[in-house]
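Dear colleague,

I am passing on the structure we spoke of, and below it I have set out what turned up when I went through it. Please read the notes with the coordinates open beside them.

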Amino acid sequence: MDMRNTVETKQQPQNRAVEELPRKYNFSLWNIWVASTLLKILLFPTYHSTDFDVHRNWLSITKLLPLRKWYFEHTSQWTLDYPPFFAYFEWVLSRFVPEAIARDGCIKLTAKDGEYGYLTVIFQRSTVIISEIVLFLALQRLIDTSRSLREKKRNFVIASSIALSPGFFIIDHIHFQYNGFLFAFLVLSLVEARLGNYRRCAFWFAVLLCLKHIFLYMAPAYFVYLLSGFCLKRRKIDTSKSFGENVKQVLFDTIIWRHLFQLGLIVIGVFTVAFGPFVYYGELDQVMSRLFPFSRGLTHAYWAPNFWALYSFVDRILIQLGKNIPGFERLACAILKKSRPVDYSGASSLTRGIVGDVEFVFLPQILPVHTFMLTLFYQILCLIPLFFRPSYERFLGALTYCAWTSFLFGWHVHEKAILLAIIPYSFCVIQDRKLLPSFELLATAGYISLFPLLFGSAEWLFKALITFVWVVVFNTSFNEVCHFSTTLARRAAALDRINLIYEFLMVPFCLFIQMTDVESRNFPILDRLQFLRLMAYSVYCGAGVLSSWNSFSWLYFMDDSVWEEKKEW
Amino acid sequence: MRQLRKNKFVSLFRSSPLNDFLVPFRKAQNQWVARYIIIVFALIVRCAVGIGPYSGENTPPMYGDFEAQRHWMEITTHLPIGKWYYFDLQYWGLDYPPLTAFHSWLLGKIGSLIDSSWFALNVSRGLETPDLKSYMRITALFSELALYIPAVILFTRWMGRYYNNASTIDQTIIAAAILYQPALIIIDHGHFQYNSVMLGFSLLALVNLLYDNFCVAAILFTLSISFKQMALYYAPIFFFYLLRICLRSPRTHSVCILRFVSVGCSVIATLFLEFLPFVVFGGIGQIKQCLIRLFPFERGLFEDKVSNFWCATNIFIKYKSIFSTSQLKTIALVFTLIGIAPSCGLICFKPRKELLPWCLASCSMAFYLFSFQVHEKSILLPWMPITLLLNEVDSDVISMVCWFFNAALFSMWPLLKRDGLIIQYAVLGILSNWLMGNLSWIRKALRAIKLPVHYRNLATPVLPHNLFWRVIIVGSYIAAIGLQIVEFVFDPPKSLPHLWIIGNVEISFCSFALFWIWCNYRMFTLAVDDSKLKTE
């Protein structure tokens with residue numbers, strides 16, 4: 001199980017320079033894998049969410065039922081709503097369930113939750129750990145394909161920051177999901193993109209899409225990058241020539257049809273393997289209705305730290321002001337062009353989450369189409385530069401940007417989706433020191449916004465410490481390996497200070513929230529403020545994520561030096 | 001020492017994973033990060049262990065040590081001080097010295113601020129809520145963070161500066177090797193006790209002895225004893241060292257009466273202040289009651305199964321049927337005195353600082369092996385000074401010490417199994433050995449059978465150079481692993497239900513006894529070899 005070797009044998013000829021490395025540098029993730037796996041085993045007895053039952057149910061579905069019934073089964077409320085590859089993955093796992101564990105309650109189609117023993121927990125938690133090996137192999141490949149010692153150091157920092165990410169500890173190993181396994185395919189496709197293997201890049205991303213469709217957020221960036229970087233030749237259109245000449249040139253000279261067909265075949269091939277059986281049985285409609293349920297509210301019960309959290313927060317403030325300050329209501333209605341009297345009865349709907357309609361009292365209502373338009377607008381905006389200059393560096397930026405805007409403006413976004421922005425951003429950040437403050441801000445705010453996922457007291461110190469140590473270690477390490485930018489003039493030092501203050505304030509903030517939580521048993525008034533604590537988390541973290549996004553946007557659109565191909569690695 | 005200073009210190013953990021993790025932070029401006037990392041990760045591991053079960057979970061009516069600690073918080077916060085040592089002695093009556101009582105009082109008061117039902121008098125007996133568990137775990141964690149962890153860092157720093165000449169990053173690596181030893185982690189944060197407070201005070205006392213702060217050392221050691229009387233295992237060495245330093249200072253070769261008096265006064269003053277509240281509020285009889293509670297000699301030679309001399313030889317000689325309890329007390333006392341004689345004598349004649357950990361190890365081990373009424377958890381007392389021996393620049397010492405660590409963890413297996421800490425036992429055992437590089441031979445072995453494993457230098461040698469010890473160590477490892485496998489696969493025969501536990505006791509006892517003999521031997525060779533060491 002030595003990843004270093006399994007991968008390195010293939011890469012040997014490329015890395016002549018690597019051979020001369022001093023022995024003291026050890027760029028293997030083996031140590032990190034062993035240490036983190038041992039720690040993860042200690043986490044077996046921790047709290048797990050209903051997602052545990054979800055995956056247990058999927059194991060049972062794939063084990064007990066034939067393929068054509070998978071997407072129709074609805075004994076439990078946790079129906080199968082991931083794309084087919086993930087269902088196949090569960091099918092593979094279900095082949096390895098030992099008899100004793102199956103009888104323990106692991107394999108059972110039931111409507112009730114929590115009917116399983118500790119053996120099932122051990123088994124399912126082990127599958128997370130084992131499937132995560134793919135992530136480590138992918139990250140090791142990232143390191144081993146480096147072209148120089150400096151790049152190798154950089155990639156090692158990226159790889160270890162992802163491997164030790166508190167996000168995976170919190171979401172995968174305590175809360176229970178398989179994100180480590182899924183992100184492995186994203187890493188693989190990014191590694192191939194860096195090496196210029198566009199076909200493999202497309203292949204891995206297609207596989208990823210068929211594992212979990214949330215990665216569709218990133219698809220526009222992939223599409224434009226592959227199209228523009230692989231399928232188009234840079235040719236100037238000569239205006240002096242006739243229109244017909246130009247069309248001919250575009251058709252036969254600019255577009256590389258061979259590449260286009262290759263990519264098309266690869267993507268269609270992957271999707272055929274995934275969805276083919278369901279098309280054969282004529283169930284595609286059913287599968288799609290499971291994958292894209294449009295009956296949810298704008299925000300989740302706990303608001304993800306995005307734009308809508310701040311939007312709802314402003315509405316909340318306005319409600320309080322309108323209720324308590326005489327005359328304010330009239331003023332607000334005049335400005336916002338609302339008819340009076342204001343109906344405050346909808347104010348409680350934001351807390352319900354799963355229910356379809358979210359009603360804002362003062363601010364304009366938000367429909368799915370609004371969120372969709374906003375997301376699309378920003379995505380197209382960021383894809384334009386990528387289309388004209390499809391460098392790998394800019395592709396990473398666009399990828400991060402796409403995922404990030406979807407997180408910020410998307411409909412019914414989960415807080416867990418912040419990983420979609422953090423993971424690609426950690427690939428970007430080494431390109432320039434200027435990106436570092438905003439990365440630190442995003443990572444700190446993003447990981448801390450995951451805290452409310454684990455509400456028990458037993459895991460509190462663990463999640464706080466692991467996030468704290470991650471921030472300390474990787475702020476130092478990224479600071480050491482990032483490219484020094486040559487144009488330091490645009491760095492806004494004052495803003496960096498504010499960033500730092502914000503990050504330091506996280507510690508008293510988390511402690512304060514926890515103290516009010518602890519004291520709520522003595523003071524019943526605090527207990528009624530349960531929702532307020534969650535809101536504080538999402539608003540505070542949301543402010544961080546949004547301002548980090550602002551500075552990232554600025555650098556993405558205004559500072560081309562960051563996104564151009566680096567001559568020296 | 002002069003010679004050693006010339007030779008550059010080469011850390012014995014050079015090729016270990018610990019080194020791999022910490023070396024990226026060896027730049028001077030990043031050293032603080034390395035120290036943060038080892039401390040925060042030490043806390044993280046302790047947190048993760050703390051998520052597991054504790055002793056006596058869901059076992060009414062008596063529960064276990066967790067309930068005992070909680071119960072003491074309950075009685076100290078609710079009863080007047082005069083009743084602390086008298087209240088319902090059948091149900092976990094207080095049987096530790098005053099400082100434990102004060103510690104419980106403080107933690108109980110803080111806990112009551114959060115939730116008064118946790119420590120409500122009488123009605124909270126056997127209370128087991130997740131929040132209470134988290135609170136208790138956090139108190140154990142903070143107690144360790146306040147005392148034991150800084151003490152370890154300070155000790156390695158002194159050693160690096162004045163003894164083995166280790167660089168700052170090497171000091172951090174050695175401190176990490178000490179902090180990730182499983183025995184204390186699993187007893188304090190798994191089983192649940194506050195041993196780290198007692199060990200922390202003792203270690204801080206030792207650090208102060210190294211810096212020649214005799215009065216501070218005396219006060220800290222008194223605090224340690226008055227937290228748990230088990231710290232008396234160290235008392236002879238502290239006593240003889242201080243006595244010798246006072247009577248004939250190695251520097252001036254004269255009697256320092258003033259030092260003697262001040263050390264004596266600080267001990268007496270500390271004890272006086274501790275017992276003062278009891279005497280003021282309950283009368284002079286309190287002290288007698290406290291001592292009766294502390295030293296329960298009527299309990300018998302050994303409780304349960306413990307890997308010391310008496311329990312291990314009990315299968316051949318049934319002491320309890322041959323001798324009366326008072327005779328056994330005398331026999332145990334004589335054996336113990338003989339056992340501690342070498343270390344006490346040595347520290348009297350050669351009061352050198354680098355010998356202190358060795359003498360503490362030998363002396364407390366003798367207590368563990370021969371004294372009356374020993375618990376399996378008492379192995380932590382010899383364990384603490386033995387962890388300090390990781391500072392020695394000698395691969396033989398490191399391999400012997402690592403052998404002892406594994407034997408110590410193995411000896412606690414029956415206890416941990418009863419507590420349901422099986423996963424934690426296995427994970428921590430592997431983690432500590434792997435971190436120090438004790439498992440690097442696996443890589444070598446895999447390469448030897450032509451498996452495609454990346455080459456790395458061998459980290460610490462697992463076996464010492466001496467053939468005799470090689471055979472002993474390999475034999476004991478094979479026996480221990482064999483026993484674990486057998487225990488896992490088969491149930492013990494009906495006629496001998498404790499067979500596996502007795503096997504555990506015999507293997508652990510043989511390891512401990514042999515280690516003790518080796519420790520004494522090394523101690524004397526080190527003392528004789530003047531050329532290598534500094535005296536002051």
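In chain B, Asp212(B) sits in the loop that runs between α10 (195–210) and α11 (214–225). Please bear in mind, here and throughout, that this is a predicted model. The phi angle of Asp212(B) is near 65°, which is a positive value in a residue other than glycine, and, because 13 C-beta neighbours lie inside 10 Å, Asp212(B) counts as partly exposed.

A positive phi, near 35°, is also found at Asp88(B), again a residue other than glycine, and its place is the loop between α4 and α5 (98–114) of chain B. Asp88(B) has 12 other C-beta atoms within 10 Å and is therefore exposed.

A further backbone feature of chain B is the cis peptide bond from Pro60(B) to Pro61(B), with omega near 5°; Pro61(B) belongs to the loop between α3 (31–50) and α4 (65–78).

Leaving aside residues up to four places away in sequence, Val187(A) touches Leu135(A), Ala138(A), Leu139(A) and Leu142(A).

Finally, helix α10 of chain A (residues 166–176) is mostly covered, with eleven of its eleven residues buried; among them are Phe168(A), Phe169(A), Asp172(A), His173(A) and His175(A).

With best regards

Technical notes: Residues are numbered from 1 along each chain as its sequence is written. Chains are lettered from A and ligands numbered from 1 in the order in which they are written. This is a predicted model: local features need pLDDT of at least 70, side-chain atom pairs count only at pLDDT 80 or more; totals for chains, interfaces and linings use all residues. Two residues are in contact if their C-beta atoms, placed from the backbone, lie within 7 Å. A residue is buried if 20 or more other C-beta atoms lie within 10 Å of its own, exposed if 12 or fewer, and partly exposed in between; C-beta atoms are placed from the backbone. Helices (H or I, at least four residues) and strands (E, at least two) are DSSP runs, numbered from the N terminus.
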